[in-house]
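Here is a short briefing on one structure.

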Amino acid sequence: MTYLTLKDINKIYPNGYHAVHNFNLEIDKGEFIVFVGPSGCGKSTTLRMIAGLEDISNGEFLINGKRANELGPREREVAMVFQSYALYPQMTVFDNIAFGLTLQGVDEEVIEEKVKNTARILGLTDYLDRLPRALSGGQRQRVAIGRAIIRKVGVFLMDEPLSNLDAKQRVTMRSEIAQIHRETGATTIYVTHDQTEAMTLADRIVVMKDGYVQQIGTPYQLYHDPVNVFVAGFIGEPPMNFIRGTVKDGKMAFGANTLDVTAPLGSKAKQYEGREIVFGFRPEAIELGKAANAYYIQAEVELTEMLGDNTNVYITTGEDKAILKVDPHDTPEIDSAIVFSIPYSDVYLFDGETENVIERAAQKK
């Protein structure tokens, strides 16, 4: 059942800046929701409105069907994990984790049992007597998470919790956060600008831009069926390639290539005669050489990046650039001319003006 409901939520600051526009979302109990988008898109502001740290300008926030706009953070039964850890430097790991329960006047024996259980889940048992300054960044973040989960609140809110960690620590902490969520079953709302974190952690992702929700869906839905150029370019690493061009006689020309865009998409593409469209394809969707039921494109290799399990190949075709992901054993030479194929089923066309998806060939299967 729906646990949290955000209805037409807006945030307008006194200076008139409209940070969040008509945000709508229903969250089920136990879901892991990720807000993702570039800096300044409104994701942290939305999280703070859910937490009660920011007033809601317009709209309604419901917990279990009851209006919660006027409730304070404590009354909402939420726990927040911040980017900065926000640990008390003079307190041990034990006391930091226990702090919320101590304020509530919980019996010392109960506190000790709960802290030890929480420390076991987080791998902090051997560090309970240490001060935060004696811990690594990943260990400090685990302490911050421990302080949140020990309270057994209804909702965990995490605001960029891994941004201060190095790449290896982020990978480790991602798996630990996923495991903690499985063990606690808590409803979690997580804010990040990192689409990899969003894809690996979320049950559903909310993609935001300039205060507006662009799309809400599972990682699979956002990757395979983006609704517009922004979502298509934000989700995926490397990002989707885009080539702009005008449809003439049902064809789109760029570089040495002329593609019949009506081949996979039919009548909808024909409606764009004389108009600009955006031709999109993912770097990993291509195959070197010519293939059946596919576009094939001529290009020149500008740069290659060997990454171990694959190679990123940077190509140019006329004035347009793109990235291809290929098997490292098939890496072409820099400055060489190549031909690669894009299956019709992996082609996306977007409206050049609105940047909304026109149709994806795979949808016609």
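What is the volume of the largest cavity? About 40 Å³. This is a predicted model, and a search of the whole structure finds one cavity of 30 Å³ or more.

**Cavity lining**
- Phe32, Phe156, Met158, Ile177, Ile180, His181, Thr184 and Thr188 line the largest cavity.
- Strand 7 (155-159) and helix 5 (167-184) are the elements that each give two or more residues to this lining.
- Helix 5 provides the largest share, four residues.
- By class, five lining residues are nonpolar, three are polar and none is charged.

**Strand 14 and its partners**
- Strand 14 (residues 276-281) is mostly covered, with five of its six residues buried.
- Strand 14 pairs with strand 11 (residues 241-248) in the antiparallel sense, over six bridges.
- In that pairing, glycine 245 stands opposite isoleucine 277 of strand 14.
- Strand 14 also pairs with strand 20 (residues 348-351), again antiparallel, over four bridges.
- Here phenylalanine 279 has leucine 349 of strand 20 as its bridge partner.

- Five strands form an open sheet in the order 15-19-16-17-18, with antiparallel pairing.
- Strand 15 (287-288) and strand 18 (320-326) stand at the edges with a single partner strand each, so one side of each has no neighbour in the sheet.
- Within the sheet, strand 16 (residues 294-306) and strand 17 (residues 311-317) run antiparallel and are joined by six bridges.
- Glutamate 300 stands opposite threonine 316 in strand 17.

Conventions. Residues are numbered from 1 along each chain as its sequence is written. This is a predicted model: local features need pLDDT of at least 70, side-chain atom pairs count only at pLDDT 80 or more; totals for chains, interfaces and linings use all residues. Side-chain values use heavy atoms; hydrogens and water are left out. Buried means under 20% relative accessible area, exposed over 50%, partly exposed in between (1.4 Å probe, protein chains only). Two strands pair if DSSP finds at least two bridges between them. On a 1 Å grid over the protein atoms alone, a cavity is a set of points where a 1.4 Å probe fits but cannot get out, and a pocket is an open set with protein on both sides within 12 Å along at least five of seven lines; lining residues have an atom within 4 Å of a point. Grid points are joined across faces, edges and corners, and a volume is the space filled by probe spheres set on the points. Ala, Val, Leu, Ile, Met, Phe, Trp, Tyr, Cys and Pro count as nonpolar, Asp, Glu, Lys and Arg as charged, and the others, Gly among them, as polar.
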